[in-house]
Amino acid sequence: MYEINITAQDANRRADKFLFMYFNNAPHSLIYKLLRKKRIKLNGKRAAGSELLQAGDVLGLYLSGETMNDLRTQRIVESSALPEIIYEDEDYLIVNKPAGMASHGGMKGKEAHLLARVLHYLRETGAYPPDATFTPALCNRLDVNTSGLIVCGKNYQSIRTANALFAAQGSVIKEYLTIVDGELHGSATLEGHYQKDTAANIARINNTASEPRAITAYKSLDIKNGHTLLSVNPITGRSHQIRAHLASIGHPLSGDKKYGGKAVPGIPGQLLHCHRLIFPDGKTWTVPPPETFIKHLTKWKLRLP
């Protein structure tokens, strides 16, 4: 028999969800089969899978060593260097993702992704040991050609907290800097119904009431040479939201050809940077835009405040 001692980091997780993570090479149906056959016990008694685990609980696994190895695979993480670290404590790691790097794996032609580098870094620093029962995860996500702040939760409780904050409308202030085509004066809050075409990987803002709402606030910071520098806060957090919303009012992001923006020599996509995150408790992280962004500010004679 193998035993897993539940720590405070894994407390308040359903037993079945914990087992899904622990046996990361097993189908969920197999986990439930093992529970039904009493091959997994909680504190010496039959486990149903619906129990909420508490610190000090013990899961007993009545499985052979060979089966344990088959159901648990060694998570492979790449050794490439991690981007600039903005902040780190025992719960969170905040990094400055460069434009051109995918946040997660699975994107064709973008095998080197941020999460893999984060996991490697945490493995090297001891925050993610090989026998860990939980895999750290990104709490927010940026498009591949968007740069800026990304938060990684190091443990179950921290990621649960951050995910709830990011999901609560307006809870986390997310200030982006972007340059759009044309002259866009003043400030406004855009509202519309959001639709995502997954096959084409494009979002649309329309008037279909059955679709979820998207809310995006913006403020004009400077206007010169047919371009506008904006501060943007996506109050809801939908994929491609800023890009789709500004394109819907005739001001696509400069370089964002997918949404009608004019091509910008030297950059593969939109000029968009996650500049600042402000959490409800007042904690604030800020990172300046990258060199490529600054280059085009200078080129069009736009000034940051």
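How do the residues of the lining of the largest pocket divide into nonpolar, polar and charged? In this predicted model, the lining comprises 15 nonpolar, 18 polar and nine charged residues. The pocket itself, the largest, has a volume of about 990 Å³, and of its 42 lining residues Arg141, Leu142, Asp143, Ser239 and His240 are the closest to the centre. At least two lining residues come from each of α5 (156-167), β9 (173-181), α6 (241-248) and β14 (272-278), and α6, with three residues, gives the most.

The second largest pocket holds about 320 Å³ of space. Its lining is made of 19 residues, with Gln9, Asp10, Asp131, Ala132 and Thr133 nearest the centre, and by class it has nine nonpolar, five polar and five charged residues.

Turning to the rings, the whole structure contains six aromatic pairs. One of them joins Phe20 and Tyr32 edge-to-face, at 5.6 Å centre to centre and 85 degrees between the planes; because Phe20 belongs to helix α1 and Tyr32 to helix α2, this pair ties together parts that are 12 residues apart in sequence. Phe20 is buried, at 16% relative accessible area, whereas Tyr32, at 33%, is partly exposed.

Phe166 and Phe279 also pair edge-to-face, at 5.8 Å centre to centre and 90 degrees between the planes. Since Phe166 lies in helix α5 and Phe279 in the loop between β14 and β15, the parts tied together here are 113 residues apart in sequence. Phe166 is buried at 15% relative accessible area, and Phe279 is buried at 10%.

Key:
Residues numbered from 1 in each chain as written. Predicted model: local features only at pLDDT ≥ 70, side-chain atom pairs only at ≥ 80, totals over all residues. Heavy atoms only, no water. 1 Å grid on protein atoms, 1.4 Å probe; cavity = no way out; pocket = protein on both sides within 12 Å on 5 of 7 lines; lining within 4 Å. Points joined across faces, edges and corners; volume = space filled by probe spheres on them. Helix = DSSP H or I, 4+ residues; strand = E, 2+ residues; numbered from the N terminus. Nonpolar A, V, L, I, M, F, W, Y, C, P; charged D, E, K, R; others polar. Phe/Tyr/Trp six-rings, centres within 6.5 Å; stacked < 30°, edge-to-face > 60°. Buried < 20%, exposed > 50% of the residue type's maximum accessible area, 1.4 Å probe, protein only.
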